[in-house]
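Have a look at it before reading on.

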Amino acid sequence: MYVISLSYKVPMDIVDYHLADHVSWLQDAFDEGVFIAAGRKIPRTGGLLLSTADRDSLDASLAKDPFYVNGVAEFEVMEFHANRVAPGFDNLLDN
């Protein structure tokens, strides 16, 4: 599983300019099964994504993100293996 941390590198007006395209890309990635969760950081300095996709699919998807293509955000991809989860989240366990 992967946690992807996006950190904005530009002023918020530029983030907002690219936001609709980013949201459209994000919906496509959800539809393709790349991500299982996404949201903004608080305070609004970027976002977090959660993915159970394989690394090649994840990287290919991230390379299409308008935030990446236009230099709006930098990405940190962190892999981890879930070996314990709360009830109802068994689908997140690594096999």
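What follows goes from the overall fold down to a handful of residues.

## The fold at a glance

First things first: this is a predicted model. The chain has three helices and four strands, and going along the sequence they come in the order β-α-β-β-α-α-β. The radius of gyration is 14 Å, close to the 12 Å that the globule rule gives for 95 residues, so the chain is as compact as a globular protein of that length.

As for how the chain packs against itself, take the contacts with a separation of 6 or more: 65% of them are between residues 24 or more positions apart. Of the 95 residues, 33% count as buried.

## Surface and charge

The chain exposes about 6,000 Å², and carbon and sulfur atoms supply 53% of that area. On the charge side there are 7 positive and 15 negative charges.

## Aromatic rings

The count of aromatic pairs comes to four. One of them is Phe30 with Phe35: the ring centres are 6.2 Å apart and the planes sit at 55°, so this pair is tilted. Phe35 has 3% relative accessibility, which is under the 20% limit, so Phe35 counts as buried. Phe30, at 30%, counts as partly exposed. Ring pairs also bring in Trp25, giving a cluster of Trp25, Phe30 and Phe35.

Another pair is Tyr68 with Phe75, and this one is edge-to-face, at 5.8 Å centre to centre with 65° between the planes. Tyr68 counts as partly exposed at 47% relative accessibility, and Phe75 counts as partly exposed at 23%.

## Ser5 and what it touches

Ser5 belongs to strand 1 (residues 2-8). With 10% relative accessibility, Ser5 counts as buried. Leaving out residues up to four places away in sequence, Ser5 touches Lys41, Gly47, Leu48, Glu74, Phe75, Glu76 and Met78. Phe75 on that list is the ring that pairs with Tyr68.

## His18 on helix 1

His18 sits in helix 1 (residues 12-31). Its relative accessible area is 12%, and anything under 20% is classed as buried, so His18 is buried. Again setting aside residues up to four places away in sequence, His18 touches Phe67, Asn70 and Val72.

One backbone detail deserves a look. Most peptide bonds are trans. The bond from Ile42 to Pro43, though, is cis, with omega near 0°. Where does Pro43 lie? Pro43 is in the loop between strand 2 (37-40) and strand 3 (46-51).

Key. Residues are numbered from 1 along each chain as its sequence is written. This is a predicted model: local features need pLDDT of at least 70, side-chain atom pairs count only at pLDDT 80 or more; totals for chains, interfaces and linings use all residues. Side-chain values use heavy atoms; hydrogens and water are left out. Helices (H or I, at least four residues) and strands (E, at least two) are DSSP runs, numbered from the N terminus. The radius of gyration is taken over C-alpha atoms; the globule rule is 2.2 Å times the number of residues to the power 0.38. Buried means under 20% relative accessible area, exposed over 50%, partly exposed in between (1.4 Å probe, protein chains only). Contact means heavy atoms within 4.5 Å. Accessible areas come from the Shrake-Rupley method with a 1.4 Å probe; for residues, only the protein chains shown count as cover. Lys and Arg count as positive and Asp and Glu as negative; His and the chain ends are not counted. The place of a charge is taken as NZ of Lys, CZ of Arg, CG of Asp or CD of Glu. Rings of Phe, Tyr and Trp (its six-membered ring) pair if their centres lie within 6.5 Å; planes under 30 degrees apart count as stacked, over 60 as edge-to-face and the rest as tilted.
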